[in-house]
Amino acid sequence: MSDFATISTDSSKSPHLDNFDLHNHSTCSDGLLSPTQLMELAAKAGVDAIALTDHDTTDGLAEAHEAAKRLGVNLVDGVEISVSWGVTTLHIVGLWIDPNAPELVAGLQSVRQGRLDRARLIGEALAKIGFPHTYEAALALASNDAMVSRTHFARYLADSGAVKNIQAAFDKYLGKGRPAYVPHRWAGLEEAITWIKAAGGIAVLAHPGRYDLKPSIRDALLEEFRSLGGEAIEVVTGSHRPEEYNTWRRLAEEHGFLASRGADFHGPGESPYEPGELPPLPASCVPVWSKRAH
Ligand code: AMP
Ligand code: MN
Ligand code: MN
Ligand code: MN
């Protein structure tokens, strides 16, 4: 349970100025810091609340809660679920979830299946174009084999000097349409939302600007997401360029979504914003936390 439903923030300031950072990763998925280290960073930043939202797992939440309690940090239980929507991979963040809800536990278990097989195929594809042993190397960088991700391959390619940085690894080899891209079937959109709602949570469309959808498809996605029970979209995120914030603020308002804010922090020096350091939501947004705080 999030401790924080009982905690009110400074009511003298407008809720959009609260420092809620609702999207962060740990070593339980593809982050570089342990859940404890992430909470230490959140305490230092003085956030009003932080969510741990690892990809397809809630394994880090127990450790994060221990540290959060010790440090006086308000922790929101979260997860980021990988979804296949037609040919597009989407990420759906669940916030204020009960990580023990059976439907969510079983659903996440089913999404994690297949990551290892996909990683083997990515390793084979990289070997064919001159990069041997990357499967073993990526596994060595993942704290849990079942959670091995393209990020681990990208880190290895960057660390070994094959590419200049992680971004280049995605642009040249691992991104969609590149030679080591291996398509994968993740959860369905309706499934992911159902699991989150069954766990008492709020479903948030993560970094909508990242999907590169033309306006008609983008609007169809927003309508479908809302009709299936999605309640919020990320507006201010480390995965949007600042000049995109206003577009997603407008679309949130037009489509009747609450707005979320999250660094999508993966590690120091690797992500554009440290936890709690990104700009506030635009003033006209209705923050997703207005449902849970004040
Ligand atoms: P996976 O779930 O294994 O397909 O890996 C997806 C993860 O790769 C995302 O959560 C991001 O952390 C990372 N990622 C995807 N695309 C990029 C990109 N263009 N640049 C940097 N990281 C990326
Ligand atoms: Mn990631
Ligand atoms: Mn994501
Ligand atoms: Mn993320």
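Mentor: Two residues are in contact when heavy atoms lie within 4.5 Å. Please keep in mind that this is a predicted model.

Trainee: Which residues does Leu-157 touch, not counting residues up to four places away in sequence?

Mentor: With those neighbours set aside, Leu-157 touches Leu-126, Phe-131, Thr-134, Ala-162, Val-163, Ala-169, Tyr-173 and Leu-174. Leu-157 itself belongs to helix 6, which covers residues 150-159. As for Thr-134, 23 residues separate it from Leu-157 in sequence, while their C-alpha atoms are 8.0 Å apart in space.

Trainee: Is Leu-157 buried or exposed?

Mentor: A residue counts as buried under 20% relative accessible area. Leu-157 has a value of 1%, so it is buried.

Trainee: What are the protein donors of the manganese ion (ligand 3)?

Mentor: Donors are N, O and S atoms within 2.8 Å of the metal. Here they are Glu-80 through OE, His-91 through ND1 and His-207 through NE2, at 2.1 to 2.2 Å from the ion. Along the chain, these donors follow the spacing E-x10-H-x115-H. Glu-80 is in strand 3 (residues 75-85) and His-91 in strand 4 (residues 88-95), so this pair ties together parts 11 residues apart in sequence. Both Glu-80 and His-91 are buried. The manganese ion (ligand 2) is 5.4 Å from the manganese ion (ligand 3).

Trainee: Why is strand 7 described as largely enclosed by the rest of the structure?

Mentor: Five of the five residues of strand 7 (residues 258-262) are buried, and therefore the strand is largely enclosed. On one side lie Leu-258, Ser-260 and Gly-262, on the other Ala-259 and Arg-261, all buried.

Trainee: In which sense do strand 6 and strand 7 pair?

Mentor: Strand 6 (residues 232-237) pairs with strand 7 in the parallel sense, over five bridges. Ser-260 in strand 7 is the bridge partner of Glu-234. Together with helix 10 (residues 245-255), strand 6 and strand 7 form a right-handed β-α-β unit.

Methods. Residues are numbered from 1 along each chain as its sequence is written. Chains are lettered from A and ligands numbered from 1 in the order in which they are written. This is a predicted model: local features need pLDDT of at least 70, side-chain atom pairs count only at pLDDT 80 or more; totals for chains, interfaces and linings use all residues. Side-chain values use heavy atoms; hydrogens and water are left out. Helices (H or I, at least four residues) and strands (E, at least two) are DSSP runs, numbered from the N terminus. Buried means under 20% relative accessible area, exposed over 50%, partly exposed in between (1.4 Å probe, protein chains only). Donors are N, O and S atoms within 2.8 Å of the metal (3.2 Å for Na, K and Ca); water is not among the atoms, so sites may look incomplete. Two strands pair if DSSP finds at least two bridges between them. A crossover is right-handed if, with the strands pointing away from the viewer, the path from the first strand over the helix to the second runs clockwise.
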